[in-house]
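Work through the exercises below with the model open. Each task is followed by a stepwise solution.

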Amino acid sequence: MLRAGNLIAMLHAETGIDATELALKARRLREAGLFVRETRSPASPRATFRQAANLLVMILSDAPALYAEKTIRRAEALTNNDTKHAQHNERAGTDFDIFKKQETSFVDALAFLIEKAAGNPDWFAHAYRQTFIEFEPLSFSASIHLHVLGPGPLGGVVLFDSLLHFFDQRNELTSSAPLSFRRTTRLEAPLLRAIGSEFARQDG
């Protein structure tokens, strides 16, 4: 698992977002029970993949730190609405079943990708290099363009390729703003790989 301070420092270095702002978002998440509460003990708990995903949601949504809990609850309500497309990726086997389930939330998916990156950062950099995530704060919806190459002899074969859309099916309100007014934030595979590398380094 990962020290919160190291995660914040790494995100600052990779994204250029002010470290004070990141620390404030982490603190508000912590107050809501959604981020690690560390102590000075060597046995102190560390940030989990899920908690790192929570902080990424705060970055992607550009939500004020004050609304941390509400933001994560909304992100947990964003469910996968492209299971039919994902289910056609039979070559992936059961390893990517999380993307074939409608109940999978956007936070679930982010945490899964971080865990994959932590398992083998160098391979992730190769296999997931065309994967990216987009988030639209105005409509509070997300998409994951998941493109994965197979391991070993399958290194050049596409193992999983799907465009997954996450939105809250319970919310009938959609943004009516013209597309030219909409803004999306984008997270690419190298940042996920960097987060995974931090987890792997501290677990190693």
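**Exercise 1. Burial of helix H6**

Task: Find which residues of H6 are buried, and state how many of the 14 they make up.

Solution. This is a predicted model.
Step 1. List the buried residues of H6: Phe106, Val107, Ala109, Leu110, Ala111, Phe112, Leu113, Ile114, Ala117 and Ala118.
Step 2. Take the count. 10 of the 14 residues are buried, and H6 is mostly covered.
Step 3. Check the geometry. H6 covers residues 106-119 and reaches 20 Å from its first C-alpha to its last. That is close to the 20 Å expected at 1.5 Å a residue.

**Exercise 2. Salt bridges around Arg50**

Task: Identify the salt bridges of Arg50 with Glu76 and with Asp108, and say which helices they join.

Solution. 
Step 1. Start with Glu76. Its side chain meets that of Arg50 in a salt bridge, 3.3 Å from N to O. Glu76 is in helix H4 (residues 68-76) and Arg50 in helix H3 (residues 49-61). The two are 26 residues apart, and the pair links distant parts of the chain.
Step 2. Turn to Asp108. Arg50 and Asp108 form a salt bridge at 2.3 Å, N to O. Arg50 lies in H3 and Asp108 in H6, so this pair ties together parts 58 residues apart in sequence.
Step 3. Apply the burial cut-offs. Glu76 has 26%, so Glu76 is partly exposed. Arg50 has 30%, so Arg50 is partly exposed. Asp108 has 25%, so Asp108 is partly exposed.
Step 4. Widen the view. Arg50, Arg73, Glu76 and Asp108 are linked in a network of salt bridges. The count for the structure comes to 10 salt bridges.

**Exercise 3. A pair within one helix**

Task: Explain how Arg201 and Glu198 are placed along helix H8, and classify each as buried or exposed.

Solution. 
Step 1. Find the contact. Arg201 forms a salt bridge with Glu198, with the closest N and O atoms 3.0 Å apart.
Step 2. Locate the pair. Both are in H8 (residues 189-203); they are 3 residues apart, so about one helical turn separates them.
Step 3. Recall the helix rule. An α-helix has 3.6 residues a turn, so residues three or four places apart point the same way.
Step 4. Compare accessibility. Arg201 is exposed at 52%, whereas Glu198 is buried at 15%.

**Exercise 4. Aromatic pairs**

Task: Classify the ring pairs Phe96 with Phe112 and Phe124 with Tyr128.

Solution. 
Step 1. Note the total: a search of the whole structure finds 10 aromatic pairs.
Step 2. Take Phe96 and Phe112. The ring centres are 6.0 Å apart and the planes stand at 65°, so the pair is edge-to-face. Phe96 lies in the loop between helix H5 (83-87) and H6, and Phe112 in H6, so the pair ties together parts 16 residues apart in sequence. Both Phe96 and Phe112 are buried.
Step 3. Take Phe124 and Tyr128. Their ring centres are 4.2 Å apart and their planes at 15°, so the pair is stacked. Phe124 and Tyr128 are buried.
Step 4. Ring pairs link Phe96, Phe99, Phe112 and Phe160 into a cluster.

**Exercise 5. Charges over rings**

Task: Which rings do Arg74 and Lys116 lie over?

Solution. 
Step 1. The charged end of Arg74 sits over the ring of Phe140, 4.0 Å from its centre.
Step 2. Lys116 lies over the face of Phe96, at 5.6 Å from the ring centre.

Note on methods
Residues are numbered from 1 along each chain as its sequence is written. This is a predicted model: local features need pLDDT of at least 70, side-chain atom pairs count only at pLDDT 80 or more; totals for chains, interfaces and linings use all residues. Side-chain values use heavy atoms; hydrogens and water are left out. Helices (H or I, at least four residues) and strands (E, at least two) are DSSP runs, numbered from the N terminus. The expected span of a helix is 1.5 Å times one less than its number of residues. Buried means under 20% relative accessible area, exposed over 50%, partly exposed in between (1.4 Å probe, protein chains only). A salt bridge is a side-chain nitrogen of Lys or Arg within 4 Å of a carboxyl oxygen of Asp or Glu. Rings of Phe, Tyr and Trp (its six-membered ring) pair if their centres lie within 6.5 Å; planes under 30 degrees apart count as stacked, over 60 as edge-to-face and the rest as tilted. A charge sits over a ring if NZ of Lys or CZ of Arg is within 6 Å of the ring centre and within 35 degrees of the ring normal.
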